[in-house]
Amino acid sequence: MASMRHSARAVLGRAHRRHYLQAYLFISPVIVLFTLFRIWPSLQTLYFSFFKVELLKGRLTYVGLQNFIDLAQDEIFRRAIANTLIYALTIVPVSAFLAMILAVLFSEHFRLRELFKAVYFAPMVTSTVAAAVVWWWLYNPQFGLFNSVLRLLHLPEQPWLLSSRMALPSVIIFSIWKTLGYNMVIYIAALQAIPTMFYEAATIDGAGPFQRFVRITLPLLAPTTTFILIYNTIFAFQVFDQVLVLTGGGPAFSTNVVVLELYTQAFQRYRFGYASAEAMVLFLFILGVTVVQYFYSRRYEVAY
Amino acid sequence: MPRSAEAAAALPARGGARVQAALGSARRLPLYVVVGLGAVLMILPFYWMIVTAISPAPDIIAFPPKWIPSRITLEHFQEAWAKAPWLTYYKNSLVVATVSVGLSMLFGLFAGYAFAVYEFPLQNVLFLVILGTLMVPVQVTSVALYVFLSRIGWVDTYPGILAPNFASAFGVYMIRQAIKAVPMDLIDAARIDGAGEARIVATVVLPLIKPTIAAVAMLLFLSSWNDFLWPVIVINSESLRTLPVGIALFKDPYGFINYGPLMAGTVITVGPMLVAYAFSQRFMIRGIALTGLR
């Protein structure tokens with residue numbers, strides 16, 4: 001009896017070990033690749049941010065917090081942070097708001113609805129770089145379509161990307177156009193998940209369309225709105241492609257953003273340590289948003 | 001207006017379907033105007049890109065703007081085609097996107113299965129570490145990744161372009177969620193029949209989670225196809241440029257007003273993806289909705 005129990009345990013133990021091995025075998029490619037190309041570079045970024053890195057000479061010089069002290073006094077970097085924040089804090093709410101309105105309109109059934117939806121979503125599948133090249137032409141002050149239309153309407157023509165006051169708003173308009181479709185599709189899916197009986201009950205109780213929107217749609221969309229705001233903000237912090245193509249960060253650094261700034265420092269000025277410190281600041285921004293998300297999602301768990 | 005809309009909305013409850021149909025089209029006029037105007041604004045850049053690419057040079061800078069070309073010309077395409085190796089760009093984009101999606105899905109499928117089905121030491125820690133990499137995008141790690149790859153001689157190579165995208169944390173997460181919804185009984189039944197774990201993944205689990213696999217693969221392909229920051233950092237040779245890098249560098253010498261060939265270049269760049277989108281937009285939009293809402 002005892003020996004039987006013993007051998008059963010041995011068999012189970014072997015099965016368990018085999019299944020641990022199986023599990024580790026299955027996850028090992030992902031773990032190895034992530035360790036090499038994601039985690040190791042992340043740790044290196046932190047490490048390099050305390051060094052002067054000279055890649056060609058293969059030399060690392062420890063400088064302590066000097067990179068961060070320099071950053072804090074670097075007018076161009078501070079401008080890049082401000083531009084990135086202005087960009088994110090404008091594009092995210094505007095895109096989310098417009099997307100929500102569109103999604104509510106799209107919850108009606110009307111002719112060619114799918115076609116319209118596809119049109120709104122099309123910028124999303126288009127390469128940001130190629131789309132930005134097209135907008136660069138549209139924004140051309142002399143021959144671009146936008147100024148031609150303004151001239152047709154007898155409205156004042158704009159310098160668009162050429163003026164340090166208008167360039168950032170021009171980039172923002174482009175990015176709203178680019179991201180609107182994604183947010184709209186997410187909102188449409190969320191709206192479909194709201195049971196129609198809520199609306200039917202509210203209608204019977206005499207609630208008008210506006211009341212139904214404010215009392216039912218808006219609160220039930222709140223988790224989706226949180227997701228969209230967080231996700232878009234994290235992406236907005238990483239903006240790069242359209243800025244490089246549309247303005248290259250100019251004029252006079254008026255559209256320089258954090259990723260473009262660290263790209264320039266690293267790959268044009270070869271200041272890898274300094275660029276790593278800038279990357280750490282970017283990471284802290286993303287981390288901050290993620291922490292906010294964590295607490296928000298916990299709040300919803302309590303609410304339901 | 002609000003009152004009539006309210007009345008129309010309340011009608012179905014009273015069973016006035018015919019009246020509602022009559023009211024419907026009138027009520028929808030503002031809807032059509034708003035959605036239609038917005039759609040015109042959304043599509044305008046695409047329209048103008050194509051019109052510029054096929055218009056004769058004088059039309060392009062004419063005022064008032066020529067909404068319809070006076071004649072259709074392909075000369076800008078000929079010029080654009082002669083000035084850059086587009087086929088090479090296509091080939092590179094295709095190779096990079098295909099390999100990255102293929103490997104991400106293969107590794108993601110097995111890792112997702114392990115995280116969904118097994119229990120093993122450090123499981124949660126490892127899963128959180130994988131998800132944690134989502135918080136450190138290549139925008140943050142690019143500098144250190146470049147330094148690392150230059151040490152192992154991967155700068156300006158295919159593996160170098162692929163390095164951050166050999167595996168996808170998003171893919172592992174989505175696949176794990178999908179496999180968690182697969183009944184364990186099915187997997188156990190296959191085990192009793194003597195199937196090995198790898199075979200169970202391929203023949204039992206994979207067919208059941210096809211929609212997730214298709215949606216994730218499509219999203220990863222799209223993001224690889226349009227990826228720019230990392231390729232532009234790691235690629236030096238023209239022979240390795242992907243389409244976005246190609247079009248960005250194609251633009252630079254066009255500091256003058258030669259917009260016809262430039263727009264022909266953008267049509268060449270985005271054309272195939274837009275055509276693919278036109279044929280599969282329902283699938284693509286559904287895929288985004290599926291993966292966006294966790």
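A:Phe253 lies in the loop between H11 and H12 of chain A, where helices (H or I, at least four residues) and strands (E, at least two) are DSSP runs numbered from the N terminus. The phi of A:Phe253 is near 65 degrees, a positive value in a residue other than glycine. Most residues other than glycine have a negative phi, and most peptide bonds are trans. A:Phe253 counts as partly exposed because it has 18 C-beta neighbours inside 10 Å. The cut-offs are these: a residue is buried if 20 or more other C-beta atoms lie within 10 Å of its own, exposed if 12 or fewer, and partly exposed in between, with C-beta atoms placed from the backbone.

This is a predicted model, in which local features need pLDDT of at least 70 and side-chain atom pairs count only at pLDDT 80 or more, while totals for chains, interfaces and linings use all residues. Residues are numbered from 1 along each chain as its sequence is written, and chains are lettered from A and ligands numbered from 1 in the order in which they are written.

The loop between H11 and H12 of chain A also holds A:Pro251. The peptide bond from A:Gly250 to A:Pro251 is cis, with omega near -10 degrees. A:Val257 is in the loop between helix H11 (241-246) and helix H12 (258-267) of chain A as well. Why is A:Val257 buried? It has 32 other C-beta atoms within 10 Å. Apart from neighbours within four places in sequence, A:Val257 is in contact with A:Ala80, A:Asn83, A:Thr84, A:Tyr87, A:Val239 and A:Val243; two residues are in contact if their C-beta atoms, placed from the backbone, lie within 7 Å.

Another residue with a positive phi that is not a glycine is A:His154, at about 60 degrees. A:His154 sits in the loop between H6 and H7 of chain A. With 6 other C-beta atoms within 10 Å, A:His154 is exposed. In helix H6 (residues 145-152) of chain A, by contrast, A:Leu145, A:Phe146, A:Asn147 and A:Ser148 are buried. The buried residues of H6(A) pack against helix H5 (128-138) of chain A together with helix H3 (29-54) of chain B.

Next come two helices of chain A. The axes of helix H7 (residues 167-192) and helix H10 (residues 222-237) of chain A come within 10 Å and cross at roughly 160 degrees. Axes are lines fitted to C-alpha atoms, for helices over the stretch in contact, and angles run from 0 to 180 degrees between N-to-C directions. H7(A) is therefore roughly antiparallel to H10(A), as angles under 35 degrees count as roughly parallel, over 145 as roughly antiparallel, 65 to 115 as roughly perpendicular and the rest as oblique. A:Thr179, A:Asn183, A:Ile186, A:Tyr187 and A:Ala190 in H7(A) meet A:Thr224, A:Ile228 and A:Asn232 in H10(A).

Chain B has 16 helices and zero strands. Of its 294 residues, 40% are buried. A cis peptide bond joins B:Phe63 and B:Pro64, with omega about -5 degrees. B:Pro64 is in the loop between helix H4 (57-60) and helix H5 (75-83) of chain B.

The two chains meet: 80 residues of chain B are in contact with 82 residues of chain A. On the side of chain B that touches chain A, the largest share, 16 residues, comes from helix H16 (residues 259-292) of chain B.
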